[in-house]
Amino acid sequence: MKQQLGIREYTSIAILMIGAKTTENTPSSLYSEAQSAAWMIPIISGGFFLIPLFLLLKTFSVFQGKDLFALIQRLLGKYIGFFVLLSLFIISSLAFSYDTRMYTDIIHTFYFRTTPLVVLYAIFLFVCVYGAKKGIQHIGSIAYITIWYIILSFAFALILSTKDNSIQAIYPLWGSGIQDIIKASISGTTLFADFIILTVIISNMSSTKDFTKGTWIALILNAIHISAAVFIFTCLFDRSLEGVGYPFHTAIRYFSFGNFLSNVETLFLPIWLMAGFIRFAALLYICTKIFGHIFHIKEVEYLTPTLATIYLLIGIIPETPLDVALEFKAKIRLIAGPAFLAISLLLWAVALLKGEFKHAKNKKGM
Amino acid sequence: MQKIKKVCKLLIIMTTILSLAGCWDREELEDNAYVIGLGIDRSEHKGKIKVTMLIANPEVGSMQGGGGSTEKPREIISFDANDFIVAKATANSIISRDISYELLKVIVVSEDFAKDPDFLPIISSTLKDKEIRMDSYLAVCKEKASEYFLKNQPRMETRPHKYFQFMIEHGIDNGLIPDSTLFRYFSALDRGTDLFIAMYTTAEKEKNLSFKEEDQYTAGQLDVSGDLDDTQFSGAAVFKNGVMIDTLTGLDTRIINIWDDTTDIKDVLVNIPDPFIDNNKQLALRVTKTNNNKIRMNLKGVRPKIDITVPMTFTIMSNPSMTNYIQDPQKKQFLKEYLVKYTTSLFENVQEKTQTELKGSPYPLSVYARKYFKTYQEFERFNWVKSYPNADITLKPIIEIEDYGVQRKVLNNKEG
């Protein structure tokens with residue numbers, strides 16, 4: 001019997017995939033857009049994101065048990081569907097490459113300074129490939145097992161950093177102005193764009209209903225989580241947050257448990273890495289699945305190492321960590337959110353025009 | 001088939017175990033020389049700096065019960081360099097071990113160099129070096145940093161990391177030196193609105209010392225005799241936009257630490273004249289602060305108005321006038337009013353100094369002003385740096401007396 005992905009496992013994956021963004025450069029890039037009002041952005045973007053997500057989920061509710069591929073095939077046809085899936089694949093592939101590169105950069109700059117970047121990158125991807133090859137069920141169970149530890153350790157880190165916080169740092173309340181907040185919130189929808197590619201794994205789940213429920217839970221929790229993290233980092237770093245590349249790692253290097261344990265970042269590193277592995281294993285699995293579907297490849301698992309190698313080659317193109325953060329990743333951030341939103345709106349609009357919603361209603365009526 | 005699978009799995013496990021050693025980042029404790037203190041001076045060559053490294057020997061004191069090695073606990077080297085990052089490599093031509101800033105505790109800058117505008121780009125490279133932690137302390141010494149480390153010969157804590165850790169921690173606890181981590185230095189610099197104060201230290205005793213009140217000394221002015229190390233930590237160096245401009249005495253530093261809600265003071269002991277007798281006898285008090293300040297601002301007018309109430313708790317530790325507070329509640333009231341008056345006058349002195357001489361707030365006061373603006377643009381238009389010297393600032397201490405000291409003995413004395 002094929003193992004199914006339950007709601008708990010799915011929600012854990014979704015929370016880890018999106019919540020982990022607070023540990024890289026997301027807080028500082030949000031801060032540079034809206035200054036002290038940066039903590040509002042995740043919540044407002046979450047609000048913006050509600051509408052397309054709701055429409056997408058509604059479309060899915062008509063096609064019970066179908067995943068994104070089936071939906072696109074059914075609604076957009078063979079040719080347009082192919083292009084939509086291809087663009088989805090390219091964007092998520094690039095996002096995967098640069099996000100993993102950023103993780104490797106963090107490990108390289110903070111923990112393993114003399115090891116060549118490529119070696120670290122290869123080891124990192126190797127673990128992700130191993131996870132992705134095991135399948136989404138395994139990733140899901142691991143995510144559910146570890147999520148409590150990850151959340152607890154992260155909350156612990158945030159609580160420790162409140163020792164040196166000054167709550168006044170979040171004033172002026174509107175940061176660099178309401179306009180900036182709205183602008184940043186629109187591009188901030190990229191934060192949650194992963195939800196749309198997560199629809200690929202609906203077919204691995206027991207029911208579409210579980211998927212819908214899990215998505216809502218994860219969206220709300222993530223919006224609160226990211227917002228809280230940005231809030232606390234703002235209180236800790238104040239104006240310096242703009243210049244701090246990776247606030248989470250700078251923070252865990254700064255504080256200590258009294259005199260006795262002064263260098264505590266080594267306690268947080270393995271847990272953070274675990275979260276990273278789960279996040280990227282799931283993303284890699286999804287990317288491979290999309291690729292396999294586009295080119296009609298049956299045994300997708302064997303593709304994973306190949307794709308990961310290609311991603312590694314893309315990931316090492318940027319020369320410095322600064323290029324990754326400011327050029328490559330910023331561009332993806334700018335494209336991914338709107339593109340994914342457009343796809344979900346397109347699917348809903350086509351379904352509406354084709355009268356799929358009416359059909360479903362009639363069916364129920366009968 | 002089964003066999004091949006097993007072999008494959010074993011191979012994978014073996015390779016993962018190999019990576020546990022840390023690949024290229026494998027480090028041996030024995031192979032490392034940890035720099036605990038870093039001194040920065042102006043060099044005789046133009047555009048260069050003189051770097052002094054205080055290197056601890058990890059082998060000393062690591063063994064319990066007097067074993068260990070007979071090696072010295074520390075080594076000090078000074079040389080000219082362009083910056084202190086490449087200096088690590090240069091130092092390796094003298095020191096056999098691999099130099100690491102991983103455990104750097106304190107960066108000591110000579111007063112002369114701290115006042116130089118070149119200081120800012122040099123200290124900013126601490127941000128670039130990921131080995132240096134932002135919780136390292138920044139200290140300013142009166143003499144040359146290279147001489148400071150040489151003269152500093154602690155008797156009790158021969159291991160330098162413990163010496164600096166204890167010295168600084170206890171100094172901060174009793175408020176004589178500010179909590180001047182690099183983190184605070186850079187956040188004050190990034191805000192650009194307030195001053196930053198760094199701890200002031202010296203290993204050189206001043207000549208012609210005179211006796212002063214307990215906390216009015218700056219480093220080097222306290223006359224101590226005995227078998228001891230001459231290093232003193234007291235007072236503060238004031239930095240404006242990252243460059244030193246002035247010094248503060250221990251008393252001023254204490255008062256600023258009391259005002260500053262972002263530092264912890266734990267054990268501030270002070271003397272103030274006893275109001276009940278006039279032969280120069282002093283009351284001993286312990287000051288603690290349990291609540292945060294209440295700050296109210298009116299920034300609309302030409303002259304901004306700022307009201308700060310500072311809640312403090314006093315414990316009276318001595319009673320030279322033998323006053324009986326229990327029998328005479330009026331005296332309690334009198335003492336309280338006297339304390340309020342006395343601290344207000346102290347506060348006003350320091351406040352005036354910050355506004356006229358320093359022209360900036362030595363603790364993050366501007367942060368509290370942001371609340372009154374909607375956006376950063378408005379706050380910048382207000383121009384805190386320019387408004388501060390003209391502001392009408394009133395500091396109001398709210399004093400609670402927790403304890404009047406041991407009463408029984410006083411009673412007996414009076415009766416007998």
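Helices (H or I, at least four residues) and strands (E, at least two) are DSSP runs, numbered from the N terminus. This is a predicted model: local features need pLDDT of at least 70, side-chain atom pairs count only at pLDDT 80 or more, and totals for chains, interfaces and linings use all residues. Residues are numbered from 1 along each chain as its sequence is written, while chains are lettered from A and ligands numbered from 1 in the order in which they are written.

**Confidence.** pLDDT is the predictor's confidence in each residue, from 0 to 100. Chain A averages 87, and 98% of its residues score at least 70. Within chain A, helix α12 (residues 303-315) has the highest mean, 92, and helix α14 (residues 356-365) the lowest, 73.

Most residues other than glycine have a negative phi, and most peptide bonds are trans.

| Residue | Phi |
|---|---|
| Q35(A) | near 50° |
| D238(A) | near 55° |
| K359(B) | about 55° |

Q35(A) sits in the loop between α2 (26-34) and α3 (40-62) of chain A. A residue is buried if 20 or more other C-beta atoms lie within 10 Å of its own, exposed if 12 or fewer, and partly exposed in between, with C-beta atoms placed from the backbone. Q35(A) counts as buried because it has 23 C-beta neighbours inside 10 Å. K359(B) occupies the loop between α9 (329-358) and α10 (366-369) of chain B. K359(B) has 14 such neighbours inside 10 Å, so it counts as partly exposed.

D238(A) follows α9(A). That helix (residues 208-237) has 30 residues and should span 44 Å at 1.5 Å a residue; its end C-alpha atoms are 42 Å apart, which agrees. The expected span is 1.5 Å times one less than the number of residues.

The peptide bond from Y171(A) to P172(A) is cis, with omega near -5°. P172(A) belongs to the loop between α6 (136-161) and α7 (178-187) of chain A.

S87(A) lies in helix α4 of chain A. S87(A) is partly exposed, because 15 other C-beta atoms fall within 10 Å. Its C-alpha atom is 8.8 Å from that of A339(A), 252 residues apart along the chain.

**Interface.** Two residues are in contact if their C-beta atoms, placed from the backbone, lie within 7 Å. The contact takes 28 residues from chain A and 28 residues from chain B. On the chain A side, α4 (68-110), α5 (117-134) and α10 (247-254) each supply at least two residues.
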